Structures are given as structure tokens and as C-alpha cells.
Amino acid sequence: MLLPISRALVVIQLLLLPSVLCGLPLEDEIDYDRSIRPILADRCYPCHGPDAGARKAKLRLDRREIAIAERSDGAPIVPGDPSSSLMIERLTAIDAEDRMPPPESNRQVSDQEIELLRRWIEQGARFDRHWAFKAPRSPELPAVLDLQWSRQPIDRFILARLERAGLAPAVDANRAILARRASFILTGLAPDLEELDRFLADESSDAWHKWVDSLLASPTFGEQMATHWLDIARYADSYGYQSDVHRQMWQWRDWVIDAFNSNLSHDQFITWQVAGDMLEDATPRQKLATAFQRLHRQTNEGGSVEEEYRIEYVVDRTQTFSTAFLGLTFECARCHDHKFDPLKQREFYALSAFFSNIDESGLYSHFTSAVPTPALTLFDQTATDRIAELSTQVNSAEQHLHEVEESRRDAFDLWQRQQEGSYPAAIFTDVAGHFSFDEIIDAKSINNIDPEHPAKVPASLTLSEGVSGKSIRLTGDDALVFDGLGAYSRNDPFSISLWIRPEHHMERAVILHRSRAWTDAGSQGYQLLIEDGHLSAALIHFWPGDAIAVSTTDRIKPGQWTHVVFSYDGSSRASGIQLWIDGDKADVEIVRDHLRSPITGGGPYFAIGERFRDNGFKNGQVDEMYILNRSISALEVRKLFHDVADAGTELAVNDEGLYRWWLLAIDEECRSARFELTTTRKALAAFTDSKPRIMVMKEMATRRATHLLQRGRYDAAGETVEPAVPGILPPMPDGASRDRLGLARWLVSPEHPLTARVAVNRLWQIAFGQGIVPTSEDFGTQGVRPSHPQLLDHLALDFIDSGWDVKRMLRRILTSHTWMQSSGCSHSLLEQDPENRLLARGPSVRMSAEMVRDHALQASGLLVGKIGGPSVLPYQPPGLWQEKSGRTYTASKGEGLYRRSLYTFWKRTSPPPTMMIFDASKRDVCVTRRHRTSTPMQSLVLMNDPQFVEAARMLARRVMTSTEDDPAAAISNAFRLLLGRTIENAELETLLTLRDQLQQQFAGDPDAAGHWLSVGDSPIDETLDAIEWAAMTAVCSTLFNHDETTRLR
Amino acid sequence: MTCPIHHPDESNRRQFLAQVAGVAIGSTMWGWMPTPGQAVEHLRPHFQPRARRMIWLFQSGGPSQIDLFDPKPLLNQRHGEELPASIRMGQRLTAMSGNQSSLPLVGSPFQFATHGESGAQISELLPHTAAIADKLCIVRSLHTRAINHDPAITFVQTGSEIAGRPSIGAWLSYGLGAGNPDLPASIAMVSQNKSGQPLYARLWGAGFLPSEHQGIQFRPGKNPVLYLSDPDGLSRDMRRQMLDALLDLHRFQDQGEDPDILAANTRNELAWRMQTSIPEVADLSDEPEEIFELYGKDSRTPGTYANNCILARRLAERGVRFTQLFHQGWDQHGNLPGALRTQCLETDQASAALVVDLERRGLLDDTLVIWGGEFGRTSYCQGKLTPQGFGRDHHPRCFTIWMAGGGVKDGLTYGSTDDLGYNITANPMDVHDLQATILHILGIDHEQLTYKFQGRRYRLTDVHGKVIEALLA
């Protein structure tokens, strides 16, 4: 589209605004931000910049008032007078002692740079803010000389710059080449040849727009866009670190694909991922989006300090947030004030406070497959309906039990009369075990109820004086083990009563548990501990986020015997845990109240006094233990205490106490109602437990304190910091919540200087292979400045105005005349603008790792176009996993071999080798752009990777089958499928000759042909002549290494 | 220009050179080798190197210095006593032994003797190493920050505990280029069929350096390098015909101007040459009998540590800059006496043989050899101390490595630890110091080998490290 600017108007502008056209400001004014700050930042800030810790001579050159202030020996900068400025004096000092920067610093300032500084001081030494921290301003469209070329504003900005540089745009690219380029960039795949032909035949004026629109509408668009986002999100299918266990996060990857396909506005795309869980009435999909922040690596290495790694995760989330959305690199500020950008260490931790407030552990579970918390269970609609149904049944059963409990007084009276008012002797029912711990015979201590299941006593444990008879004295390193007892699920009520005697105050001691380990198993199971003297009890799926736990307000007294009872009602609620001390119900504080998943599967047995890599009950004693397969009544607790503490006296019993006991122990109607409740709970649990879970964000109700960490070390906590955004950026509005949701809203507010610029720059990078700011991860002072700052602002504001419409922005870019230029390039232009920053030609880039493989699969007809689902395991040379971690790689069968590469299983410690060879990012940390190298390893992959050898064979079959005994047609066909253009005669002759030669040789050695055709799982087509097929396969394989096959031109 | 390493925008500059100059002159496309167009300052050592290449015999898991190189008679005397608080000084332990109710000291069951003129003290488990004692520079005072394997091995390999930075081999590739145009600059080999602490591809990876600098793993069998050999049925002659056709096709498109097509031709042709040069170096059939005898009986079996040691020597002969062997299994939390003996049997003879072999060929003078792991082991027992056996936990406060050849002082034992083998008492050397010293030996100033990434100039040694001059010959 031509803009309605008349030639006359341009002439006027030419006269009035020469500076715009020649590109140089009036009187050669030095632009501080463009020319001066980079020198100062790079060479001077390390010692005279924002980092207070590294600052020398109390001088900072990032602040004008300090830089021009008079010092004992003069002022570093005297505006207007370079010769009096100490800075110039020191920069040009001949004596190494005086010279700045110090010669040994590896930072020198060139003569040209000194000249620039001199002129800048001469002009007044004006300081200005770094461009990226100022809000974008809507620029005027620049004037251009060539009024015909521009089709839309993008072109005007590009052309104006080219004209300033004395360059002219390139010719339009060949339409077939262009269609192929657009297809790969938007969908990651080559165009379908029939559709391509229709496009080439379409002479209508909007043919190109229709072509681009059809690509944007293809579901493969979402897949292609996702490949970029997976790098930024450091997506992987394993935890990374050490043993690198596999994990399921692919449901988030599928959400990304869908978000791009449904053109979710980019501000929402960001908001959901940063704070989807905190949106009002957040949907499961909005919560799922926050998995973005849990994609960092995690460890389970034995012996690791939990807090050390939790801090790493928070830091990773903070850095990923900064790089992905702000285009700023905060890594330096973790340990000290940033040396180049005005970011303080304190600000880094203040930003990190937004990301630390989730109930997570620094270690994932080695012994169980629990998904680290916070986690979201993924239900489809059918499952949601079924859960509602099952929950209703649980609620009814609860209600029914409650009614029964209140309606049985008459029956109780009757029963009581039948007892003739006497106190029942056997008050305990449902007892699974009773241990007096009075003797040890054959390393066993007897279970009075069930002699088949005694306690196993290690030799190191001894008998000592007990509260009643003898007791067992513990070492802390050896467990009393109870096989066949205590295997309770979270739906089973149970009670455990015992006497304990700690020798001294205990910071942490495991009294009893059924679990495999502490952090090594996420504590899965149930446990009774002493923590800082308090008694605490918990049922845990994964500590801390999926658990119920209570802790007594009083402390257990050391040096004396205490009777404790841990009772649980099967409700999965913290209120369902009761602790009793010396016969009375203890006051407790609820520590956690969120149990949603199984507690079984961790521990093999019930044990007392010791747990793997935990603090045992060292020098503690235990005596008189009862285990009941139900909740316990107050009466029973009092009796258990009384029988030992006040043996010989009579226990006072009141009717209400007896009634409550009777309901639990005797009354069949109530017991049956209780059993029914347990049954419905188990049905609900069985259903939800079968559903997949995924790590997400979930804000904790009480904010976790965040500290500045000295030198970034987890164990060097400094001052407490509150959540806040860095001071160089606009503040959060008054009243905004200081949490992730407030942060997300701040991020996508239209005034934000970075978010939209960073986003459109990446879209530009996708289209051109390089951003307007080439350092797409760093818009700070150390990043490369935009080649077209006004264009960047124009696009950013347009993006916001459009409602952050990604497809619209890509359509604008791909329909620009700029983008549609031919990528062909003269040697002189190559020398003048080797990186093509001015865009006097179209983009020419090597395909991404994903494109290279998907293209071969697509051309061969092997590609399976299914979208989403679990990651797959295509061919991989044997032994790669084995030799690193002892795990066997078993390739998929069938379609898993031929899915698009974004579905290839990403194991962080042994990533897919072909992808790495073609410069895929490693998925360790957030990466916004990839290297593009050219190495012989790439040639070897295309020559010999079974995936490509098989693809060549199947491509050969495809073209031979469709052309029937016409090798020239078959070759031409294969050529077009791979290179996207029609073959030239000379090319055809070369390939025909190659085919004929190889065919002769294979004819002389048919076995060789057989071997060559047997690579890969695809079957041999017996209808084809093996010799011809082998030769044609070699032709196709040869073409894989043709530069044009893997390049977008 | 007085800073020979740094360039303001290194990646862009290199990209440009790769696109234009390097290829146009028709050099190879090993990104890691100094193509003529890249004959620039940063591929030149900063000063006269003492060694031109190095071989790192990495013992993964943390070998016990107390049982191998750093004998402690007092520890043996006080066997079974509790670790004194005055020695531990509140230092952190791993969460594996940190909650033990008791930390009993455990002496070494192995005999030590002094060896050679230097009188180095070496355990009976390492008789072959002991025999070359006078060629070794033993450092007993290395220490690290990390207490778990992943951060510790990552620290040794990259100078940072957190993954993401380039490995030392990648830094050397970047700083010095390849020594042989047909072979990678950095090569990694992992002993096969070992178990133990996992290894990760990033340990020899390029981090944020361009991926051309990543270490290439050599593996036993038909494909020493992934995808190297042609599929069955395709002869070398056929492959040549295919590549010739490709040269023709590219020529039709371009007469020698287009850098991308030149790049494609060069990488294809180098791949062709590698298909010969790599099998040639990996094929030990031309090694005489006496060599296998020197390296021990395992050395005939591809994939063993001993076999990899021979391969390392062959790579050194051909100028490969950096070769690193990884041998897992040194992580003796339990059953140390038995397991440690096995580890030593697998590695002792071949490690010593490599030094001897290099020396015989006149290569030891300019090849640096290093033996060592990621940390040491505790002088207290992990788990229960029983007459049958014991284990030692991770110990970052001190551990031992040895160096040989390439300008290091031989016959030296450097640094010392306290009588219970817990803390360093003299000449501490941290991991960054080791890295700085290695780079120095190879002619590089560790403060000047930098790469700018995400707005910051990174170095192997972060902002730390000093060259330990006392180790230099």
C-alpha cells in the first residue's frame, strides 16, 4: 500500500529536515545513549559504575552530578571543556600508572573513542537515559525518495535508512522461493506442492495475503511458534541435574501450541504464564499456563541442601522472567550490584520475591514419582463431571454419618441397660497391635495382639527402665521395624498411642513414621516427629505442598515420660488429625492443610526412632504402644494414660464419653455409616489419583520472607526485601497488589517501555532470522542497539493498539516489501552489510534443527502430523543414555519415529544429538535465540543418521511410485520437494548421471543395495526394483546435503 | 590493539568471518580450527605456552585422597573416635551423613610407602602410579565449594556450579583453535559399562559459546563419532560420487561468491575427510604388542579406561588440543575398601602408562596430564563403622590431584592438610586456581580469555583464580 504522501510534500520535508534524511544530527551532535554510554559502560563502569561494591575512588560515571563534581584533583568531566576534564587526561596518560583504564584491566579505549568522548564533553556532556528504559513514542513516518517501493509503514522505515546509507532495496524474491520461505517461517514445514501451484497460478492482487493467511490459519503454525517459545521457557522432559529423572510437562507444551493457534492475545499469553493461577475464577488452562515457571531444572541428588536448590529455582524463575519479558539480563545482580545497568542487588532479590511464594521443595523425590508441589491435577470435562458425582457421594456419606452419630442415643441407652450399667472391661476394639516392649527375644519384641507381627529389634537397641516394666532405648541410627502393620491410606482412620521419653530437648527427631525417607522421598507417608520440642504429626504425599500437618503449641518435656496419641479420621483434612498429650487433647497449630494425593507408595514398613537421612530419636525411649485401625475416643485415650499413670485408681467415666466410644467401637449402625464414608472417599481418591499431575504456580496465603543473599549464597541471608520492580522501570501503580498478578498487569500495561518492544522484536527475529535489536535477550546498555529504533517503537505501539495480536503482526511483517525482497546479494553488499542489519536484501538463514528433520520427514511422506501428546523417542544411536546414567533409550515404534521434532523427548543431560548438532538450545536456561554454525557434523547427520537415510529411501519410493519408470521425472519431483523450486537441466543431468552410475554399481552388488535399503523401520516395497530404488535413494540422500535444501532463501 | 582476546561483538564478528572470509579462502569448516580468515588475535596464545595440549583423566565420583595420596597416621590411631568439633568447625556436611548421630573417624586400611627420589607418599593401591612418582606433581590442597556431585563436577568443568557455562575444552577450542584440521579441538571419552554418578553431555558442552566449540565424544565401536560411518551397502566410492555430484550442483548455483554455498561444500568435504581420519586414529590395530602390555590387559578392550588412554595418546600425537577421559565409580559412600581397590585396578596401570608412553615419544614436555575428580572424601565414616567395612562421604575441604608433563614441576608434593585429613593447613588451591594454572600452562591469561554473552564478559575462572606459580617448572 502506498502512503498518500505527495512528491511535493517530500520535497518540502527535504528542505526543512535535512537531518532526518542524511541521518546525522545537526552539527554532529554526539548521541550520548548511542555513542558514549556504551564506551563508559563497557570500559569504565566496572570500577566507576552502578556497583557500589566494586566502585573505586568513590567515582561513578553513570551519574552526571557525580561525574562533573569537583574533586581534589579537578572534575572528571568539565562540560564544554575537555582539556580540563580529568577523564580525558587519564585516558590519554602516557604513564601506565596514571592511565585509565589500567592497562592490566583488559579494557582499553581506542583513539577514536577518546575523540568521541572529547567532542561529547565539548558539546556539554549531556547525559540521557538508556533508550530501552524510556517508553516508546509514536514516530512519524520518515520521508523517502523512492515513493513507489513502500507498501506499508515498515517499508518506509527500512527504506529511509537504506537511502541514508546510499543503498537500494533488492528485487522481489521469486514467488516460489518466497512462498517456501513464508511456509517454513510460519509453519516449520514446506508448502504442499499442489497448494503452492495454486498460489503460483493465482494472479489476483491479494494472492500473497491469502497465502500468508492460509499459513497463519494452519494448525502447524502453533507448533512452529511453540518451538521458539520452548527455548525461552527452557522446556524439557526431564528434571536436569545429576540423575535427571523424567517428568511430564508436555501438557503445558500443548497449551502453548493451542495458545498460538487460537491467537491468544500476547498480553494474555504473558499474564496467564506469569499469574494465571491468581486470575479471578482461574480456569484449569490458566493455571496450567503457569507451568512455564516450573520448567527450570530441579535436583534430587542425595545429600543436597534443600534450601540451596529452592533458592536456585527462585533465581531461575526471576532470570527467566527478566530475559523472556523484559529483555534484561539480571544474572550479575544476583551476587552484586549490576556493573553496567543500573540494577541493584537488592532489586534483584526484590524482584525474586514475586517468584518465591509457592509451597515448593528444593528437592524432588528420589524414591517416589510424586510431582513436586504446587501441582495441578489435570481433568478433562468427563473427569470433572465424575469427580463432582463422587464428591457428592462423599458429602452425603459424611452427612449421613453425622446424622447417625446424633441419632443413636436411644440405642445406646438400650445397650447400656443390657450391660447392666457395668463398665466394659475390653474397651479397645479394632486393635492391630499392642507392644509392651518388656523383653527382646531373638531380636523381636512381642505384639500382644498379633504374635505373627512382632517388632524387629536391631542388636544396637536395648531394654531399659520403662514407664511400665521395660522400654526400648533408641540410638537415632537404628529403627524398630514393624512389618505388616500400619499400612494406612489417606482415607483410612487410625490411631497410634505410645509413651515416649526424650533424653533432652530435640530440634528434630523422628518418633515414628511409615515412609521411605525425608526429602529423598518428599516425606511421602505419615509421621510423628518432635520439632523444636513440639510434637508434630503429618500425612504427606509430597512435602510441603501436598500434605496435612499439625503441631502442638506445647513442648514435650525432656527427661520424663509423656503419653502421646496420634489419631486420624480419614478425612484428608488437617482438622482430622488429633494429638493427645497425657490423656488430654493437645492444642495444635495447623501447619499444612492441603492433601490431595496418595500417601502410600513411599514406605515399606512402619518404624520407630529412625528414618533414612533424617534425625532419629537419639537416646529416646518408647514404651506401651497401641495401634488401632480406627479413630480413638477421648475415653480410650484417658484410659490408656490412666492405666499407666494412675494405675490402681478408678477412671472416671461419663455417659457422653462412653457414648462417643460406643459409636466408634460397638454400634454397628454407626460403624457401618463410617465404613460407607471410607468407601466413598476411597472411590473418589482412586479416581483422582489416576489422573496426571503437573507442576504449576500456586500462591501461598502467607508470604514467605525473601532476603538479599550476600554473594548470592543461600546461607548468607541479609536484609529482608519486599516484592518490587526495579527502579529503572516505571513503578507499579499505587494500589496494585505486590504479587505475581500485580506484576503481570504491570508488565503488560501499555506504558511499559520493554514488554511490547521485546515481544515484537522476537517476532521480527522469527521472520528475518535476526531482531531489530539483535541481542533479543538483552535490551540493556550492553545489548546491541536497534538498527531501526523508530520502527521498533512503531511496531511495539501498533502491537499494543492491535490488542497484542501476534498473527496480525506476523502478517504485517511478511507482507512488507522489505521481507519480500530477494535474499540474493552482491559481494559488495555482503561486505558493506554482512549481517544484513539494514535489510537491503531479504533474509537467508539455515533452517532450525527442527525444520531440517521435519522437512526430510515431510518430503519422504513419513511425517505424522498429529498435534500434541506425550513426547516421543525417535531413532538415536545406542548407548548415549546408558553410558551417562545407566538408563536405556528405547526408540518409539511406529508413529513416534516420525512426529515433528518439537515432540522429540528432551532429556537434559543427554539431549537428542541431531538437534544439538544443528544448534538447538540446550534447554538448561532461558534462551531467546540460537547460534547458527556450519560444521561437518551436520553433513554427517544428513548423510548417515538413520532418520535421514530412511527418509531418503522413502522419498525415493514416493517419487518413483508417482512417476512410473521415468527417472528424470522422479528426480525432478524429489528436487522440488526438497529445494522448493523447479530443477534446471544441468542439475537434472548431473543427478541422472549420478543415478545411472550408482545403479550400475548396485546392480553389480545387489546385497549392497539390500543393506542400503534396510535402514529404518519402514518396510521394503517389494513392488519396486531394488537396484533402481537404491540408486534413487542415493540421489535423494545427496540432495539432503544441498545447501538449498536446508536454507530459507 | 592491546587486548588480544576480546572483541566488542565477538559472536557477530565470528559469524561474519565464517560467512565471508574464512570460507571464501576455502579453509575447512571445523568451527573450532583456526581458518585462515580467523587467523586473528584470539587464536594466538597470550605468551609462550608450556604445553600445547592436555589430557585430563577425570575420576568421577570423588576418589578418596586419604586412601590414595594423603596418608594420615593419626587418623589411623584415632580410628573410631568421634570427629572433633575443633576440626569440623561447624562446616556443612551433606544431608546424607549430616544427620548421623555419630561421625566416627576412620583410618585407612591401606599401606603407604614413599616412592622415588621425591619421596612421594602413595598408597599400595596405586603401584604403577607410585612407579612414576618422580614425574608427578601431586597437589594435596585442592578444595572446592560444592558438596554434591552435580554442582562439583560442573564447577570443575566450567568454573561455575550452575550449568550453562562453557566447558574448559570449549574454552580452549575457542581460545586456541584446533591443533589438527581434521580432528576436533576437544574430545571426550567415557569408560563404558561403568555405573556410578551420572555424567552429562554439558560437561564437555559449549555452554553459550557457539556450538562448534562443543567437545565431541569418541565412543567405542563402529562409529567413534556419531553418524560417522556410511550405512551398510554404501561404498566409499559411491559416497565420493555423491559428494562430487553435490559439488557440481552447488557450482551451478554459484561461481564461488556465495559464502553459504562455499560453507556447505567445505563442511561436506571435511565430513568426508573425517570419515577417514577419525577411524584411523580410533583404530588401535597398528599399536604394537608392547603398548597393550604397557597399558594393561584391559587396554585391548574398546571402551575401557585403558583403551581410552591409548586413544588419548594417539589424539595427542595428532595434535588434538584437549582430551578428557571420564571414569565413573569413585563415589564410595559404603564398602570403600573393596570398591576402591576395583577402581584402582581399572585405572592405575593405564594412567601411569600414558605418562610413560608420552614421555617415550617426546610428547610429555608439551602435553599436560591431569588426574583427579570433583572433590575428596571425609575422614569420618558415613553410615556405621563396622569391622567389615566403611564408607566416606563427600568432602570439599581438601582433595588430591596429580599433574604431569607440560611445564609442571615434577617430583613435587604441594600443599598439606591437617593430621586428620579434614582441612588444608598449607598452600590451598581452589578450583579456579587450578583452571587459571591450566590455562597459563597452555599459554592463556585466564583473565583475558573472555566471551561476551548477555551483556557480560564471561571467563572460565569467573572473577576468581590465580596461577599457582609454585607448580610450574
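1. Start with a pair of residues in chain A. A:Leu463 has A:Ile472, in strand E6 of chain A, as its bridge partner. The strands involved are E5 (residues 462–465) and E6 (residues 470–473) of chain A, which pair in the antiparallel sense over four bridges. They form a hairpin with four residues between the strands. In that hairpin, A:Gly469 takes a positive phi near 65°. Keep in mind that this is a predicted model.

2. Nine strands make an open sheet, with antiparallel pairing. Their order is E3-E4-E7-E17-E9-E10-E11-E12-E16. Why is one side of E3(A) and of E16(A) left without a neighbour in the sheet? Strand E3 (444–445) and strand E16 (588–594) of chain A stand at the edges, each with a single partner strand, so each has one side without a neighbour there.

3. Take the E16 end of that sheet. Strand E12 (residues 546–555) of chain A is joined to E16(A) by six bridges, and the two run antiparallel. To find the pairing on screen, look for A:Val550, which stands opposite A:Ile590 in E16(A). In a regular strand, side chains alternate between the two faces of the sheet.

4. Next, the domains. Chain A is divided into five parts: domain 1 (26–128), domain 2 (175–217), domain 3 (278–378 + 692–752), domain 4 (425–666) and domain 5 (944–1048). The C-alpha centres of domain 1 and domain 3 of chain A lie 37 Å apart. Between these two domains of chain A, 10 residues of domain 1 are in contact with six residues of domain 3. On the domain 1 side, the residues divide into six nonpolar, two polar and two charged.

5. The two chains also touch.

6. Two packed helices are described by the angle between their axes and the distance between the axes. The axes of H9(B) and H10(B) come within 10 Å and cross at roughly 170°. H9(B) and H10(B) are therefore roughly antiparallel to each other. H9(B) contributes B:Leu243, B:Leu246, B:Leu247, B:His250 and B:Gln253 to the contact. H10(B) contributes B:Ile261, B:Ala264, B:Asn265, B:Asn268 and B:Trp272. The contact has six nonpolar, four polar and no charged residues.

7. Compare another helix pair in chain B. Helix H12 (residues 305–317) and helix H13 (residues 336–360) of chain B have axes that come within 8 Å and cross at roughly 20°. That angle makes H12(B) roughly parallel to H13(B). The crossing of H12(B) past H13(B) is right-handed. Among the H12(B) residues in the contact are B:Tyr305, B:Cys309 and B:Arg313. Those from H13(B) include B:Glu346, B:Leu354 and B:Asp357. By class, this contact of H12(B) with H13(B) has nine nonpolar, three polar and three charged residues.

8. Finish with a hairpin in chain B. Strand E9 (residues 376–386) and strand E10 (residues 389–395) of chain B run antiparallel, joined by five bridges. Two residues lie between E9(B) and E10(B) in this hairpin. B:Thr386 stands opposite B:Gly389 in E10(B).

Technical notes:
Residues are numbered from 1 along each chain as its sequence is written. Chains are lettered from A and ligands numbered from 1 in the order in which they are written. This is a predicted model: local features need pLDDT of at least 70, side-chain atom pairs count only at pLDDT 80 or more; totals for chains, interfaces and linings use all residues. Domain bounds come from an automatic or database domain assignment. Two residues are in contact if their C-beta atoms, placed from the backbone, lie within 7 Å. Ala, Val, Leu, Ile, Met, Phe, Trp, Tyr, Cys and Pro count as nonpolar, Asp, Glu, Lys and Arg as charged, and the others, Gly among them, as polar. Two strands pair if DSSP finds at least two bridges between them. Axes are lines fitted to C-alpha atoms, for helices over the stretch in contact, and angles run from 0 to 180 degrees between N-to-C directions. Angles under 35 degrees count as roughly parallel, over 145 as roughly antiparallel, 65 to 115 as roughly perpendicular and the rest as oblique. A crossing is left-handed if the near helix is turned anticlockwise from the far one by less than a right angle, and right-handed if clockwise.
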